[in-house]
Amino acid sequence: MNSDDEHSHNVSLHLDNELSDQELEDFRAHLADCADCKSQLEEEQALADLLHRSRPLYRASDELRARVIAAQDVSVSGHVPERLHRRVLRLLKQSMGPGELTAFPWRAVATIAFVFVLGMVFVPTIARHARAASYVDTALTTHRNYLDGKLPLEINSESPEEVTAWFAGKVPFDFRLPTSQLLPNDQPAYRQVGARLVSYGNSYAALVSFAMKNDRISLLVASSKSAEAYGGEEIVSRGLTFHYQTKGGFNVITWTTHGLTYALVSSLHTSASRSCLVCHQNMADKGEFREQ
Amino acid sequence: MSLTPEGSPVVEAAAGIEHIDGLFSYALVLTRNRSEAEDLVQETYVRAIRAMGSLRIGSNVKGWLFTILRNIWFNQLRHRRTAKVVAMDGEENAVDFADTAKDPYAFYVSKMEHQQVREAIQRLPADFREVILLREFEELSYQEIATILDCPAGTVMSRLARARTKLRTLLSAAFKTSDFARKEVME
Ligand SMILES: [Zn+2]
């Protein structure tokens, strides 16, 4: 190994904390005199810093976490159906005569027991689905009540900035409507009408109402801790997953981003993608959501 | 895995779950495919929990999990000979927004930088990708990496040096952008 190689060798070892105490001391002394090592170390350190700022490289999704926990549970308790099976067998032996026993569908019992165990394991998933369903239901009920005049708006304003300011401090999350960037001559597809607070769970959700002629569209926003976007037809666009469903005579689109879950409710005779314009009419891609 | 006062091992429901981001990242640099990576992580945890009994107290659980993941992947590869390479999408979802929401501009810059780091790493050859991930992101020692890769520590070191040189070339653009952006944020 020539001397240059040995120098860069030590730079790497130093960077990776692989030098012993004595070697480290020697290397530090060497650094003071060797400009080559010093500049190489700086260069290497810059790369290392950049990589360390990017930790973790990727993050496992909550779904994957839930899958792993559920899979480990099933794996650990894989013998449980067997044990249940035996217990059921013993109970039945006590209550039935030996002749009847042979005709009994043992496989079915084992299957039911196994399904029961799976059911226990996947309770969190079931609870999650229930939470998602209840958010869609809340959005639908809110929209209907608003249409029936049972939920008057608390602020009437066409300005997204005003509504954003009105919600500040009233809802337990940071929610901003996209700022209007329409030019004075642009005709918005939908007009923002106003907003109000809606109780959801133990807390509040934000309701923003939009209108065009007789059409009304509701946007319900809640923290993703209490509301989940799930079910329906999934459409992935720009890194977000949108869940489309038709329920109770309305189109409902739900999605989650930046810790907030959104539900957009519109009447069935409005195309669901057209309702996206309540946000996208302020954006450059609005053409994609016009008549389809 | 932990021990009760009596000394009998207790298997927790989510054993080793603290390593899930690291394992998922490792799976993604090996497979370059999100759904394959997720399946690989799940399979790793399932195998790990079954084999927990054979693990000695004081063993390196982290290194052991990475070894299991790698073995499963290379076994699968052997069975199908060629790995499919599928482009990844929706990566922005994986970024943590929580602590950066207060300074959207700085956040935007750091997100761009993160994205460039990911792209550069994914462009490296497979043996460079994994050695970078294990050293720079998982902070494993040469010896720990050597155990996972089943090769001498000297090989780890020379491969790491070549991987860094290549990565530096790929990232030179990102360096310029981020230095520039950081300066702007401070001004
Ligand atoms: Zn030197």
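Start with chain A, which carries eleven helices and eight strands. What you have open is a predicted model, so read each stop on this tour as a feature of that prediction.

**Stop 1: the two chains**

Colour chain A by burial and you'll find that buried residues account for 42% of its 292 residues. Now look at its contacts with a separation of 6 or more: 56% of them are between residues 24 or more positions apart.

Switch to chain B. Here there are seven helices and two strands, and if you trace the chain from the N terminus, the order is β-β-α-α-α-α-α-α-α. Of its 187 residues, 45% count as buried. Among the contacts of chain B between residues at least 6 apart in sequence, 64% join residues at least 24 apart.

**Stop 2: a helix pair in chain A**

Select residues 21-33 of chain A, which is helix 2, and residues 35-53, which is helix 3. At what angle do their axes cross? Roughly 105 degrees, and the axes come within 6 Å. Helix 2 of chain A is therefore roughly perpendicular to helix 3 of chain A.

Show side chains where the two helices meet. From helix 2 of chain A, pick A:Phe27, A:His30, A:Leu31 and A:Asp33; from helix 3, pick A:Ala35, A:Cys37, A:Lys38 and A:Leu41. Sorted by class, this contact is made of five nonpolar residues, one polar and two charged.

**Stop 3: a cis bond in chain A**

Move along to A:Pro56, in the loop between helix 3 and helix 4 (62-76) of chain A. Check the peptide bond that joins A:Arg55 and A:Pro56: it is cis, with omega about -15 degrees.

**Stop 4: the nonpolar cores**

Next, bring up both chains together. The largest nonpolar core has 64 residues, and those with the most contacts inside it are A:Leu51, B:Tyr26, B:Val41, B:Ile121, B:Ile132, B:Leu134 and B:Leu167. Select those and you'll see that the list takes in residues from chain A and chain B.

Then go back to chain A for a second, separate core of 24 residues, including A:Val171, A:Phe173, A:Phe242 and A:Leu264.

Centre on B:Tyr26. What does B:Tyr26 touch, leaving out residues up to four places away in sequence? Its partners are B:Phe66, B:Leu69, B:Arg70, B:Glu130, B:Leu133, B:Leu134, B:Ile148 and B:Leu149. Keep B:Leu134 displayed for the next stop.

**Stop 5: B:Ile145**

Select helix 6 of chain B, residues 142-149, and pick out B:Ile145. Is B:Ile145 buried or exposed? It counts as buried, because its relative accessibility is 0%. Draw a C-alpha to C-alpha distance from B:Ile145 to B:Leu134: the two are eleven residues apart in sequence and 6.8 Å apart in space. With neighbours within four places in sequence set aside, B:Ile145 is in contact with B:Val131, B:Leu134, B:Arg135, B:Leu140 and B:Val156.

**Stop 6**

Step back to B:Glu138, in the loop between helix 5 (126-137) and helix 6 of chain B. Its relative accessible area is 12%, so B:Glu138 is buried. Apart from residues up to four places away in sequence, B:Glu138 touches B:Gly22, B:Lys62, B:Phe66 and B:Leu133.

B:Glu139 has a positive phi of about 55 degrees, though it isn't a glycine. Most residues other than glycine have a negative phi, so keep that in mind for the last stop too.

**Stop 7: the end of helix 1 in chain B**

Finish at B:Thr31, in helix 1 (residues 20-31) of chain B. At 2% relative accessibility, B:Thr31 counts as buried. Show the backbone of B:Ala27 here: its oxygen lies 2.8 Å from a polar side-chain atom of B:Thr31.

One more click takes you to B:Arg32, in the loop between helix 1 and helix 2 (34-51) of chain B. Phi of B:Arg32 is near 55 degrees, a positive value in a residue that isn't glycine. B:Arg32 is partly exposed, with a relative accessible area of 24%.

Note on methods
Residues numbered from 1 in each chain as written. Chains lettered and ligands numbered in written order. Predicted model: local features only at pLDDT ≥ 70, side-chain atom pairs only at ≥ 80, totals over all residues. Heavy atoms only, no water. Core = buried A, V, L, I, M, F, W, Y, C linked by side-chain atoms within 4.5 Å. Buried < 20%, exposed > 50% of the residue type's maximum accessible area, 1.4 Å probe, protein only. Contact = heavy atoms within 4.5 Å. Axes fitted to C-alpha atoms, helices over the stretch in contact; angles between N-to-C directions. Helix = DSSP H or I, 4+ residues; strand = E, 2+ residues; numbered from the N terminus. Parallel < 35°, antiparallel > 145°, perpendicular 65-115°, else oblique. Nonpolar A, V, L, I, M, F, W, Y, C, P; charged D, E, K, R; others polar. Polar contact = N/O pair within 3.5 Å; in protein donor to acceptor, adjacent residues only side chain to side chain.
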